[in-house]
Amino acid sequence: MINEEIDTVVDRAHRWKKLAESLQKKYSSPKYPAWRRRRGILNRIRSYHMKARNTLEDWARKSALEIVGLAKKLGHAVAREDLTGLINTLRRIKNKDHRKKLIMMGYKRLGKWIDWNAKKQGVPLAIVNPSGTSSKCPKCDSKGLKEVDYRRLRCPRCGFEGDRDVIGKLNIRKRALKKLRINPPGGVLAPLTAP
Ligand SMILES: [Zn+2]
């Protein structure tokens, strides 16, 4: 759900960025006399950059509040991925892909606000390492999951089958429960109710 949401938010932020850039380009051309580059234009460019940032920040703050608020209401803990790996990977991509940068910024801010809200509201938080979570069987920990259909994986050892995203989330949940030392009565594969 968050994945789809961040896409639309990033699209919105990206549009502001593009507006800022096209203005910047237009008015830095030598065709335009200096008076054109006066304060008004610079302020407009700056305000577009700010709008891009605020779009992400607002979304992150609102979503974090929703997630942590729901967890508190239901008496759940919140698990989130440790994003260091993701951020480092994206940082290594040295192209001018602003979209990827905005996605990274969005996740970073979301993480920051989740941590802040969890602390403030006293909701237990587990930050887990996401590496391998989408290729490991959540039931028997076997690593050889096979793709059987579009985005569907199956474990050849125990026969567990599921959607790639769901498998990732089950593994995150499993690691989080271990970290928080919680043993749910239905086992770690009990139905997912937390966001
Ligand atoms: Zn298995």
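Asp141 sits in the loop between strand S2 (125-128) and strand S3 (146-149). Helices and strands here are DSSP runs, numbered from the N terminus: helices are H or I runs of at least four residues, and strands are E runs of at least two. This is a predicted model, in which local features need pLDDT of at least 70 and side-chain atom pairs count only at pLDDT 80 or more, while totals for chains, interfaces and linings use all residues. Residues are numbered from 1 along each chain as its sequence is written.

- Take Asp141 to begin with: its phi is near 70 degrees, a positive value in a residue other than glycine.
- Asp141 counts as partly exposed because it has 13 C-beta neighbours inside 10 Å. A residue is called buried if 20 or more other C-beta atoms lie within 10 Å of its own, exposed if 12 or fewer, and partly exposed in between, with C-beta atoms placed from the backbone.
- Arg151 is not a glycine either, yet its phi is positive, at about 65 degrees.
- You can find Arg151 in the loop between S3 and strand S4 (152-154).
- Is Arg151 buried or exposed? Arg151 is exposed, because 12 other C-beta atoms lie within 10 Å.

**Ile103 in helix H4**

- Ile103 belongs to helix H4, which covers residues 98-121.
- Ile103 has 21 other C-beta atoms within 10 Å, so this residue is buried.
- Which residues does Ile103 contact, leaving aside its neighbours within four places in sequence? They are Ile6 and Val10. Two residues are in contact if their C-beta atoms, placed from the backbone, lie within 7 Å.
- Ala13 is 90 residues from Ile103 along the chain, and their C-alpha atoms are separated by 9.7 Å.

**Leu23 in helix H1**

- Leu23 is part of helix H1, residues 2-28.
- With 15 other C-beta atoms within 10 Å, Leu23 is partly exposed.
- Not counting residues up to four places away in sequence, Leu23 touches Ile41, Arg44 and Ile45.
- From Leu23 to Arg44 is 21 residues in sequence and 8.5 Å in space, C-alpha to C-alpha.

**The whole chain**

- The protein chain holds five helices and five strands.
- Of the 195 residues in the protein chain, 26% are buried.
- Among contacts with a separation of 6 or more, 64% are between residues 24 or more positions apart.
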